[in-house]
Amino acid sequence: MTTVLITGANRGIGLELVKEFLNEAGTTVIATCRNVSTKSELDTIAEKIDTKQVQLHIVPLDVSSDQSVADLATRLKDQTIDVLVNNAGVYLDKGKGLLDADFSKWVETFDINSVSPFRVIKELYPNLDKSENAKILTISSQMGAMSRPSSGSYAYCASKAAVNRAMIGLALDLKPRNIAVAVAHPGWVQTDMGGAQAEITPTQSVKGLYQVIKDLNMDNTGSFFKWNGEIHNW
Ligand SMILES: NC(=O)c1ccc[n+]([C@@H]2O[C@H](COP(=O)([O-])OP(=O)(O)OC[C@H]3O[C@@H](n4cnc5c(N)ncnc54)[C@H](OP(=O)(O)O)[C@@H]3O)[C@@H](O)[C@H]2O)c1
């Protein structure tokens, strides 16, 4: 029995991750999204699944809200979490340069992309610590890699670089607890964020990310993976 919690699960890569994990009998997926009042594809999936094989719980979570994350932790008290996927993210300065910089958007970007994965991990640490081999994968981006200089979109790139760097430290700190921590670039994916012209489909990305999660262990903890399982340069 494996319990998987995914943030930003109502669309894009998060939604595809939900579908992929539900293919595995014995899995409980906790699909979190900030707006549960609007019927989403998650509700349609929940109506169709064979609940003797898998479970799907759709739970509200705004990763940028301390209260929302605390409410989630209260709701999940004593629940073991084996896999946490920090997927929720924003790209608010797409294509923007120096003279377009909007610093309130910088703060929002950092809050969601860099701080929120830690907000979620901190609150759910007791749940992760109950698992015998918990895994945390944070969906980052190649745009946060120092080895790959790119122009513009400074807030997004810097927010992903920041989360990458912080996750390295966390991987070291959680090693004694047997909790593996990694970051992954999901590819350039055809989602609302990636756009229709992106290189790969959500299905292609998530087939790879699913295997990355399966293969994540205490030997490769602290790594930056590409969606296809290769190591990404920092
Ligand atoms: N697509 C790409 O090419 C690409 C490339 C590199 C990295 N990534 C990363 O992959 C992850 C998923 O991206 P995607 O392409 O699937 O993007 P997407 O289609 O825009 O979906 C983003 C998801 O994040 C959620 N989200 C944003 N802010 C949130 C908050 N405060 N609380 C809870 N959920 C929140 C959104 O929820 P709402 O529906 O409520 O807005 C949505 O479910 C992101 O971290 C992104 O940076 C994507």
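This is a predicted model: local features need pLDDT of at least 70, side-chain atom pairs count only at pLDDT 80 or more; totals for chains, interfaces and linings use all residues.
Student: Is Asp82 buried or exposed, and how far away is the nearest side chain of opposite charge?

Tutor: A salt bridge needs a side-chain nitrogen of Lys or Arg within 4 Å of a carboxyl oxygen. Asp82 is buried and has no salt bridge; the nearest side chain of opposite charge is that of Lys214, 9.5 Å away.

Student: Which side chain makes a polar contact with the side chain of Asp82?

Tutor: Polar contacts are pairs of N or O atoms within 3.5 Å. The side chain of Ser131 makes one with that of Asp82, at 2.7 Å. Beyond four places in sequence, the contacts of Asp82 include Met1, Thr2, Asn133 and Lys135.

Student: Lys135 belongs to β5 (residues 135-139). Which residues of β5 are buried on each side?

Tutor: Lys135, Leu137 and Ile139 are buried on one side, Ile136 and Thr138 on the other.

Student: How does β5 pair with β4 and with β6 (residues 180-185)?

Tutor: β4 and β5 run parallel, joined by four bridges, with Asn86 opposite Thr138. β5 and β6 are also parallel, over five bridges; there, Lys135 has Ala180 as its bridge partner.

Definitions and conventions:
Residues are numbered from 1 along each chain as its sequence is written. Side-chain values use heavy atoms; hydrogens and water are left out. Buried means under 20% relative accessible area, exposed over 50%, partly exposed in between (1.4 Å probe, protein chains only). Lys and Arg count as positive and Asp and Glu as negative; His and the chain ends are not counted. A polar contact is a pair of N or O atoms within 3.5 Å; within protein, one must be able to donate a hydrogen and the other to accept it, and residues adjacent in sequence count only if both atoms are side-chain atoms. Contact means heavy atoms within 4.5 Å. Helices (H or I, at least four residues) and strands (E, at least two) are DSSP runs, numbered from the N terminus. Two strands pair if DSSP finds at least two bridges between them.
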